[in-house]
Amino acid sequence: MNAWSNFNDAEEQFDIIPAGTLAKVRMTIRRGNFDDPNQGWVGGYATRNAATGACYLDCEFVVLDGPFARRKVWSLIGLYSAKGDKYAQMGRAFIKAMLNSARGISRKDNSPQAQAARTIHGFADLDG
């Protein structure tokens with residue numbers, strides 16, 4: 001059996017962050033240098049996949065404190081897919097949830113203050 005199908009003898013790494021763990025993180029957007037001013041995507045934050053045309057934010061999340069401090073997690077936040085709007089809707093929902101969490105807003109709060117707190121000037125507001 002080859003090394004890439006049986007992992008029983010692989011070295012131990014570290015414990016995975018358990019599901020449901022709350023962790024304060026810093027998000028950094030790894031710039032893909034794709035802009036679409038018509039969408040408000042400026043500053044080179046978006047990445048475009050040349051093969052599929054999909055656009056996304058390529059993000060790195062670093063846990064800031066606690067038992068998992070300095071651990072990193074990577075994820076893509078969808079902006080556009082030629083396959084349909086679902087990819088972008090999921091990306092927008094994720095960013096909304098991030099803003100709610102970071103700014104201490106209940107997802108049910110639709111006050112003018114909450115609506116203002118869910119508004120960004122551009123992706124630079126999310127970076128860092």
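This is a chat about a predicted model of a protein chain.

Reader: Where do I start? Which residues have the most contacts inside the largest nonpolar core?

Author: Those are Met27, Ile29, Leu57, Phe123 and Leu126, in a core of 16 residues.

Reader: Let me pick one. What is Leu126 in contact with, leaving aside its neighbours within four places in sequence?

Author: Met27, Ile29, Leu57, Ile95, Met98, Leu99 and Ile120.

Reader: I saw some of those in H1. Which residues of H1 are buried?

Author: Ala88, Gly91, Ile95, Met98, Leu99 and Asn100.

Reader: What do the buried residues of H1 pack against?

Author: They pack against strands S1, S4 and S5, and also against helix H2 (112–117).

Reader: How does the span of H1 compare with what its 17 residues should give?

Author: It agrees: at 1.5 Å a residue H1 should span 24 Å, and its end C-alpha atoms are 24 Å apart. Just after H1 comes Gly104, with a positive phi of about 65 degrees.

Reader: OK, new topic: charges. How many salt bridges does a search of the whole structure find?

Author: One. The side chains of Asp58 and Arg30 meet in it, at 2.9 Å from N to O.

Reader: Where do those two sit in the chain?

Author: Asp58 is in strand S4 and Arg30 is in strand S1. They are 28 residues apart, so the pair links distant parts of the chain.

Reader: Are they buried or exposed?

Author: Asp58 counts as buried because its relative accessibility is 19%, and the cut-off for buried is under 20%. Arg30 is partly exposed, with a relative accessible area of 35%.

Reader: What else does Asp58 touch, not counting residues up to four places away in sequence?

Author: Besides Arg30, Asp58 touches Thr28, Ile29, Thr47, Ser75 and Leu76.

Reader: Back to the strands. How do S2 and S3 run?

Author: They run antiparallel, and two bridges join S3 to S2, which covers residues 34–36. In one of the pairings, Phe34 has Ala46 in S3 as its bridge partner.

Reader: What lies between S2 and S3?

Author: There are four residues between them, and the two strands form a hairpin. Gly40 is in the turn, with a positive phi of about 85 degrees.

Reader: And how do S3 and S4 pair?

Author: In the antiparallel sense, over two bridges. Arg48 stands opposite Cys55 in S4. These strands form a hairpin too, with six residues between them, and Gly53 in the turn has a positive phi of about 85 degrees.

Reader: You mentioned Cys55. How many disulfides are there?

Author: The count comes to zero.

Reader: What about Arg70, what is its phi?

Author: Arg70 has a positive phi of about 75 degrees although it is not a glycine. You'll find Arg70 in the loop between S4 and S5, and it is exposed at a relative accessible area of 70%.

How values were computed. Residues numbered from 1 in each chain as written. Predicted model: local features only at pLDDT ≥ 70, side-chain atom pairs only at ≥ 80, totals over all residues. Heavy atoms only, no water. Core = buried A, V, L, I, M, F, W, Y, C linked by side-chain atoms within 4.5 Å. Buried < 20%, exposed > 50% of the residue type's maximum accessible area, 1.4 Å probe, protein only. Contact = heavy atoms within 4.5 Å. Salt bridge = Lys/Arg side-chain N within 4 Å of Asp/Glu carboxyl O. Expected span 1.5 Å × (residues − 1). Pairing = 2+ DSSP bridges. Disulfide = S-S within 2.5 Å.
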